[in-house]
Amino acid sequence: MLILQRKVGESLLIGEEIEVSVLSVEAGRVRLAIEAPRDVSILRSELKNAAEVNREAAGEEVSPLSLLDVLRDAGGAKGEKGSGEPS
């Protein structure tokens, strides 16, 4: 891992086609501008992690009966209290 310090208005280059510039630093938050070719994917790490978790969950086999149990436990099945419908 490379660790760099940059001030507002300074930038760094990744390869020949990607430039990351520091726009502002306020209240512990850094605003970055990233110039990259359109075919380069730029994604926040927490979104990438969430996508991986979703992919793993989608790969698990779930029976319809177990889904019904989850709905009942959450109060989401029709006619049950807590489903948002009048009883």
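1. On a 1 Å grid over the protein atoms alone, a pocket is an open set of points with protein on both sides within 12 Å along at least five of seven lines, and a residue lines it if an atom is within 4 Å of a point. Grid points are joined across faces, edges and corners, and the volume is the space filled by probe spheres set on the points. By these criteria, the largest pocket holds about 340 Å³ of space. Its lining has 13 residues, of which Leu-12, Ile-14, Val-20, Leu-32 and Ile-34 are the closest to the centre. Strand E1 (11-14), E2 and E3 are the elements that give two or more residues to this lining. The most comes from E2, with 4 residues.

2. On provenance: this is a predicted model, in which local features need pLDDT of at least 70 and side-chain atom pairs count only at pLDDT 80 or more, while totals for chains, interfaces and linings use all residues. Residues are numbered from 1 along each chain as its sequence is written, and side-chain values use heavy atoms, with hydrogens and water left out. Strands (E, at least two residues) are DSSP runs, numbered from the N terminus.

3. A nonpolar surface patch of about 600 Å² is formed by Val-8, Val-25, Val-30, Leu-32, Ile-34, Val-40 and Ile-42. Patch members have over 30% relative accessible area and no salt bridge, and nonpolar side chains (Val, Leu, Ile, Met, Phe, Trp, Tyr) are joined within 5 Å. Areas come from the Shrake-Rupley method with a 1.4 Å probe, and for residues only the protein chains shown count as cover. Strand E3 (residues 29-35) gives the most to the patch, with 3 residues. Leu-32, found in strand E3, belongs to the patch and is also among the residues closest to the centre of the largest pocket. Leu-32 is partly exposed because its relative accessible area is 49%; the classes are buried under 20%, exposed over 50% and partly exposed in between (1.4 Å probe, protein chains only).

4. Val-30, another patch member, lies in strand E3. Val-30 and Val-8 are 22 residues apart in sequence and 9.2 Å apart in space, C-alpha to C-alpha. Not counting residues up to four places away in sequence, Val-30 touches Val-22, Ser-24 and Val-25, where contact means heavy atoms within 4.5 Å.

5. Ser-24 is placed in strand E2 (residues 18-26). Ser-24 counts as buried because its relative accessibility is 12%. With residues up to four places away in sequence again left out, Ser-24 touches Val-8, Arg-29, Val-30 and Arg-31.

6. The whole structure has 2 salt bridges, each defined as a side-chain nitrogen of Lys or Arg within 4 Å of a carboxyl oxygen of Asp or Glu. One joins Glu-10 and Arg-6 (3.7 Å, N to O). Glu-10 is partly exposed at 29% relative accessibility, and Arg-6 is partly exposed at 39%. The side chains of Glu-46 and Arg-44 also pair (2.8 Å, N to O). Here Glu-46 is partly exposed at 45%, whereas Arg-44 is exposed at 52%.

7. A backbone point to check is Ala-27, which has a positive phi of about 50° although it is not a glycine. Ala-27 is found in the loop between E2 and E3. Ala-27 counts as exposed because its relative accessibility is 84%.

Notes: Patch = residues over 30% accessible without salt bridge, like charges linked within 9 Å, V, L, I, M, F, W, Y side chains within 5 Å. 1 Å grid on protein atoms, 1.4 Å probe; cavity = no way out; pocket = protein on both sides within 12 Å on 5 of 7 lines; lining within 4 Å.
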